[in-house]
Each structure stands twice: as structure tokens, then as C-alpha cells.
Amino acid sequence: MNMEISRRGFLAGAGAGLAGTTLGAFGFGDVEAAHAAAIRPFKLANTAETRNTCTYCSVACGIILYSKGDLKKGEKAEIIHVEGDTDHPTNRGTLCPKGAALLDIVRAKTRTLYPQVRKPGSDKFERVSWDAALDRIARLMKDDRDKNFIAKNNDGATVNRWVSTGFLAASATTNETAWATYKVVRSAGMLVFDNQARV
Amino acid sequence: MTNSWTDIKNTDLVVVMGGNAAEAHPCGFKWVTEAKANRGAKLIVVDPRFTRTASVADYYAPIRQGTDIAFLLGVINHCIRNDKIQWAYTKAFTNAAYVVKEGFGWQDGLFTGYDEEKRDYNRSTWDYEIGPDGYAVVDETLQHPRCVWNLLKQHVAIYTPEMVERICGTPKDKFLKVAEMISECSSPTKTMTSMYALGWTQHSKGSQNIRAMAMLQLILGNIGVRGGGMNALRGHSNIQGLTDIGLMSNLIPGYLTIPTEREPTFDVYMSTRGFKPLRPDQMSYWQNYRKFFVSFLKSMWGDAATPENAFAYDWLPKLDVPAYDVLRAFELMHQGKMNGYFCQGFNPLLSFPNRKKITAALSKLKFLVVMDPLQTETARFWENHGANNDVNPASIQTEVIELPTTCFAEDEGSLVNSGRWLQWHWAGGTPPGEAKHDAWIMAQIHLRLKELYRKEGGPVPEPIVNLDWRYADPNEPTPEELAKELNGSAVVDITDPNDPTKVVVAKGKQLVSFAALRDDGKTACGCWIYSGCFTEAGNQMARRDNSDPDDTGAFGKWSWSWPVNRRILYNRASADVSGKPWDPSRKLLEWDGTKWTGYDVPDIAPNAKPDVVMPFIMNPEGVSRLFTRAMMRDGPFPSHYEPFESPVANVVAPKVRGNPVARVFRNDFEQFGDAKEFPYAATSYRLTEHFHFWTKHAHANAVLQPEFFVEISEELAKEKGIKKGGMVRVWSKRGSVTAKAVVTKRIKPLICDGKTVHIVGIPLHWGFIGEAKKGFGPNSLTPYVGDANIETPEYKAFLVDIEPIAGPVA
């Protein structure tokens, strides 16, 4: 199922085709089409294009990620360029000083690359495997929950809460991640649960 | 937002107050430019700083931070006194005519029922008089002395232009100019939009700031119309979504609430959620609460949630306090009462107030887990970075586990923009190193925990081992699987109530909308307001048809907006009581004699008669509220309160410090400073080149704005002997920072009640990791107190002192 209208098809549909679009709505249909045709040769060739949304503010500008290699074909894909999506009704291809530099955050030198553990009192992180990190987390959670879970309050009412461990959720993850997170956190009985909405 | 970014082009007047869209939301702000260029719309900016938004405004008025309520109630007072009210709208669509119970009042800055000991109100008088017919009493003539309109008139009467000048420091002539421009929008054919952000929320009375503007918008008839609305610009890319899905202490997806321990059973919980209409024939849509709630429980626990066990109601945790918000969480941590904490894409060491307290709190944890695409200061709170993080690692016993996650470019799924559009995006790059999707990580944690409980047993394992986790690969639920769960599906064949042989929705099929939800366990739905986002017709959030018939700005086929793809909330209010659009040139909906038709999905039953069913269908009144009854802790009307740290006393209530019901933990009270010791009014803000604490990791942004600075007026610089580009020390009762001084004409001293108030601006983008120079943020200085209703910390108004120190001069 793909409801996408391709940008190329969209820009190619000059004249009458364009009149019904947002660009056409400006009343500059022909000019826009001519402009699109003129810049086409300067567009990146031999890259895969993926539609995405700027990760920063909630204007949620449409962006296009250009990569060497195509993730959809199962290839390793390295993002080499990011630009505004001209089809997007809100930003119409423009980006702000933050969005225009998105490539630098994707490829930041300070991306976290491996699970790491800092032991009590230590002055450094040490690399560990995913399994070791996750097993350790589950152990710490279980031990704390087993010790501090409150099944009933003093009045004998069932309350099933665990408040000695908390979870601070993100603010730029997807709804789908949010839902998976919600299920896992709530099913454990956690109430110390919040997100960035307040700050 | 009630409206959307693209709808702003339809407005006549933009009021930016409590925000700075030109710098913080530049590509959204273009719609203000469109409205100015194409419609001749005007832009008003009210802000302590002459921001870049102000620089393109038609009119700018300065205001002291933390005094917005006095200003806005002043504007309401101006409208009432000059009869600039959209009367037909106000009378029909607000509770202006509702009669309030006897005994309600306001005196010396406090509403009826204040208990100083508890710092709380007994709110029993804050409600309507109920008549013998069981409905609220109304007086449509607005003559009753206790009708909402007369109480409002009386409440705002003290906020004269002179009073506004005394409190806000806004010169009277400037205030009057703004009030006059706004009051013109009382015409049914003129609309105004309010664009606000954290400049309104980050106060100890933030919720009431927003209410004050909402009330103004209602009496001007600007809610539910094109080019109108209350438009929260919002911060992070999915902060709307995370809130919709209820990732907060006291929420269940779709703005349902987690039970408290006073609601030990399903029936007790439901007993206060009947939402009986307060007037005849009103929809009071929350009457469907049970359907939303049961369907949510089914989406959590699937077949294990049965009518016999009240759909696993017992497995939901029950609250003993109103909420474990972040301030409470770190207070408990600071007291040594918490052992573990997870930070998923969040950096509290720089985000939460009173950093010294945050560091001390994190140091008392047994374990901290950080999931983030970037190395955060929080993950390294134990690492010594000299003056920028002056800690001794050996003395900190917290075990820290840092997990690398993917970033937006490597992940697929939906994000909700400020205008409630759920937009799907696709992954374009391979994750670096061993970075993993958050959903994979959460699945791994859940599966391991479940396994441990299966093997070892332990207290109440049922909610964990029975969590519905029927994904094709339990190790990594796909975005599509999760989105389908949010939308909801039929658990069994659902038949037509009039013809049991006819199957309306077959077992396992996606629901078309929340109208199909059931309260008997036959449907499951993770988030009722998202129902319709992923139907049998496919992923509606991935729609990319950018057509916009008649250029209304709705873009109804682009992505999908909640609820039911509605683009403007309360849109039935765009037409008068007979169903005709207030402004035919800005038609949104219209009653054709039998049904509602138009450019948007009607926010009312399609056949609801216009003179019978009122537009605010979520309220049991059917109308909007100028008087909020007992629904907010600090008053049914907004009232002016100073920030907890204020350069001046409260002129209208000298004895009241801060918001009288804001929660303050005991030790934090002792850490509030006063104006004698800390004479300058500080505020925090963002820069257009940076996004919070992320872009200091991005080379280009670090180059554009490399270094922490504070911004002060030429007058203050002169008074304190501070040079342009010279180094300064800024300190509050809670901490101290050093910064470069930017001496500017953008900030000017204000005169408040005869006293000169200097403002110190403190941007928030620096820390000790990334490509920018190491620096500090305002949270080293800010007080530990939140809004009385939702606990948003008071970052926008606090007190500091400042002095020049030795250092390089640029």
C-alpha cells in the first residue's frame, strides 16, 4: 500500500496538472514547472531518496534523506544529504538553520555507538555487549520491583504500584515507540513516568 | 493547536505572546508572513525582548515576564468596557449565562475556600447552580448577578490600563494600542490567532496564562473558525504524540486517567466518569468513556482482560498522589527514595530546575539507564568537567548503563505535529555502530523481565506475563503492527444490533473510527483519539496528497489528523446558531437543512440540529467555559500572581507570594531568593540556530552559535560596568554561572509600579558534551517549583544578580 504521489511525477505534471496543486495555487504554475525542470540536472543522482520529518520542532517540516545505498533493498545506506521536501504543505521545501544542518546531527561525532556501563565509583564507561547490558537491566529492575512493589495499600485496597524506579520517556520518538514503551512501563506497575511535555 | 500551521494564512491578526515563532518555529512562521502579505493581516508581539518575531511585527509592546495574566485580563476588561464582544457567539457558545453557586467570590487575591496550611482550595462553591430539572441554571438575559458574565466583568474590572502598566511595565499607550487592535476582532468577520509556546507554560501559573487568552478568544468568537484558535506551537517533534499516548504519570492514552487508590474497583472508577449532560440535548461525548477505557484495557492485556476480571482493572497501578511528575520524581530521588531511573532521549541534568539538586538526586540512584542517539550530559553526570561539571566520580555510586538508539533518520513511524497531523516517515539510513530501535530495546526489556518472572516468580507477575505481545517477531514489534494497535480492531465478529446475523466488522479487522468502539470487550484500541489512523483502507498517516480544494489551508488528504481527520477543533462554532457561517468568505461548515457540510470533518454529529446541539461536544455543558468550575486547582478564573521570585510585590494581592496553590517542597521554599539579594528579573529562551541541547552536537550549529552568553540592556551594562563581550558571573540563590555578556538594545529596563526592573536573558543551549564550547544553562539558576495544575517548572521568571568578572573581551 503506497499512497505516495512521487515528487518527480508531481513536478513533471506541468501546466494543467500543476494547477490543482499547492504550487499551482500560488498562481505560478508554469514558472514553478520551469524552475523544477531547470534545477533537475543539479539534483543528486544515484542516491536513494527517503521521505522523513525533521526531528526538531513540531512544525514537522517534510524532508528528503539522500543516501548512498538503499535501505529498502536491504543495502547498507549512508545518508549523505538532507533537504526540504517541496511537496510538503507546511514547509514547502524550506528548512530553518536547525533543519538545514540535520546531516550534522545524524553524523555527529558524539553519537552513542555501543552499550556501555559505568560502574559505581568509576571514572569511565566500559563497552559491554547488548545481551550483558539488557540482562543487567532486567536483573536490576526485577530485584527492585520484587523488593518495593506495593500490591495493597494500608487500607487493604489493591494498588499494584511500583514507585522506586521511574521512566522518563522521550519527545522525539515515534508514536509507535511511545506505545511499545507505554505497554512495557505500565504493565510493570510503574507510576513515576513522564515525558518532555512539561519542560 | 486547535487549528494548523497552514491555517494561519486565514487570519486577520496574529498575536504572538509567550512565544517567538520567527526564531523557534521559522518554517511555520512563514504562514504568518503569508497572512500579512496576502490578507493584510497584522502581527502583534508582546514580549520582554524585542525578538526577531517582534522585528517584523506591526506593533510591539514590552511586558515584564510573569505578568501575562494581568495584561490579558486587562484586554478582556477593555473589550467589555468598550462593548467589543462577539455577542451572538458569547451568548450561544460560552457559559456566560450560567448561574454560579452562592458563596463563590474573590478577595485579596484568593478565591473562596483557601486553606493556607494545605496550600489548596476547597472548591465546592466553584460550580453552577443546579435546577430542579437536574440541569445547570442559566439566565440568557445575563442579568443575574451571579451569572458567569457578571462575575467575569467584576473579576477583570481591577485590570485597568493603569493597573496593567503598574504590574506589567507596559506603557499605558502601548497597552491600549494592542487592546484596540485585538478588540476589533470581535467582529464576526475578523479573526485573530494566538500563537504561544513555553513563554506561557513555564510559569507557576502557566495553565492560567493560556486560559486567559482562551477566554479572550471565546468572547471575540475566534475559536473553531478559520484563522482563529489557540495555537500551541509546541517544542519537540513528537511531544504532542507522547502526550496523546499518555506517557505521563497519571494518563492513559487519549487523555483518559490512571485510577487513584480511592478508586479500587472498576465500578468506583467509572462512577465519577458518567459525564451526564449539564444541559438538555447536549452530546457530552465523554459519555463514551467506558468504551475507550475497556478497549484500552483489551489492547494491553488481550484475552486476559475479561468481563469476569473487570478487564484486568486491578493490573493498572493506582496513584497515591496526584502525579509522579518529574519534580516529584527528583524530589523523591533526592530524598533517597528511588533506586532506578530510565532516561529515553531526555537530558534532565540540563533540562530540570536547580541543577545542583538534580546532580545530588542522580548520585543517590542505584542505577540509571540512558537510551539516546547522542551522548548526553545526564549519562555522564558523574564525570568531572571542571567548572562545567564539578563532581568527584569516586564519590558517586550510581551504576550507569548507556544504550545507543537510532535517530529519526534510521527509524520509521509517525510523529504528531502541533496541528495534530500524524505524519508517517520512513528510515533512510543504516544505524551507526550497534545502535538499535527504541521499540527493540523496550521489547528486550519486557521479554527478559517476563522470563525472570516466569522462572523466579515474584509479586504480582500477572500484568507483565499477560501483556498482549502477539507480534510476528516478539523481539521487535514493527511500526505498522504498533500503529494498527493504536488504531484498534475487532476482537470478535461484531454484529449489527438490529440484525445479529449481519457482521459489521469481522474479527481481526481494523476499525474505521472510535465510533465503532465497544464497552463489552469486543474491541481493542490503544488510543481512541487515534482510531482511524490505520484502517482496512491502509495507513492514513502515510497519505501524501497535498491538494487543498478552494485553498482553505486544510490539506485534508495530507497525512491524517486526530480526531477522525478533523483539521480544526470545535469547527461547528464557525457557523452561527442557525448554521450559517459567521464569515461567508471563510466558510468551514454549514448546515444544509439536514446535515453539516463543508471543508472539514464536522466536530459534531453530522445531523445534529444547529439550534439544539451546541459546538463544544466534549463538555457536558455543550458550550465552552469562561468559568472553569472546579477543574483547575488555582481558580475558575485566572488571577494575577507574581512569579515565586519577583522583583516587585503583587500589586493586587500584596500578601500572596507566587501562585498560592503551586506545590513547593519544603527545602525548595528555603531556596527562593528575594529582590533585595537578587535584584534582576531573569528569563530563559532559545536561539534560532539551536534546538535545546541537541544541536551543540551538530557542527554547523556549533559554529553558528558556539558559546554561552547572557543578554542584558545597555542601561544595566552601564550601571554594573559590564562591557560588550566581557565576562560576567550570574548567580541565583541556587547556583552560579559564568558567561559572555551580550549588551543589546533588544532588552530595555521596564518601570513597574514606579520601580526600574532590569531583565537578564539566559539562552539554554550549552553543556559539556558536543562540538560547541562548554557552557552552562539556565537550569543551574532556576527555582524548583512548577505550575499549580501540571507542574511545568518556572523557567521563565526568576531572580539573579550579575557582576563583571575578569576574562577575555571580544
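**View 1. The annotated stretch of chain B.** An unreviewed UniProt entry carries the annotation "domain: Molybdopterin oxidoreductase" over residues 1-381 of chain B. Keep in mind that what you're looking at is a predicted model.

**View 2. Helix α4(B), tucked in.** Zoom in on residues 68-81 of chain B and you'll find helix α4, 14 residues in all. From first C-alpha to last, α4(B) reaches 20 Å, close to the 20 Å expected at 1.5 Å a residue. Twelve of those 14 residues are buried, so α4(B) is largely enclosed by the rest of the structure. Among the buried ones are B:Phe71, B:Leu72, B:Leu73, B:His78 and B:Cys79. Just after the helix, look for B:Asp83, which takes a positive phi of about 55°.

**View 3. Strand β13(B), covered on both faces.** Now move to residues 367-372 of chain B, strand β13, where six of six residues are buried. In a regular strand, side chains alternate between the two faces of the sheet. Here one side has B:Phe367, B:Val369 and B:Met371, the other has B:Leu368, B:Val370 and B:Asp372, and all are buried.

**View 4. The neighbours of β13(B).** Strand β12(B), residues 340-344, pairs with β13(B) in the parallel sense over five bridges; B:Gln344 stands opposite B:Met371 of β13(B). Strand β14(B), residues 399-404, also runs parallel to β13(B), with six bridges joining them. To spot one of the contacts, find B:Phe367, whose bridge partner in β14(B) is B:Glu399.

Technical notes
Residues are numbered from 1 along each chain as its sequence is written. Chains are lettered from A and ligands numbered from 1 in the order in which they are written. This is a predicted model: local features need pLDDT of at least 70, side-chain atom pairs count only at pLDDT 80 or more; totals for chains, interfaces and linings use all residues. A residue is buried if 20 or more other C-beta atoms lie within 10 Å of its own, exposed if 12 or fewer, and partly exposed in between; C-beta atoms are placed from the backbone. Helices (H or I, at least four residues) and strands (E, at least two) are DSSP runs, numbered from the N terminus. Two strands pair if DSSP finds at least two bridges between them. UniProt positions are given in the numbering used here, feature names are shortened, and annotations may be inferred rather than shown by experiment. The expected span of a helix is 1.5 Å times one less than its number of residues.
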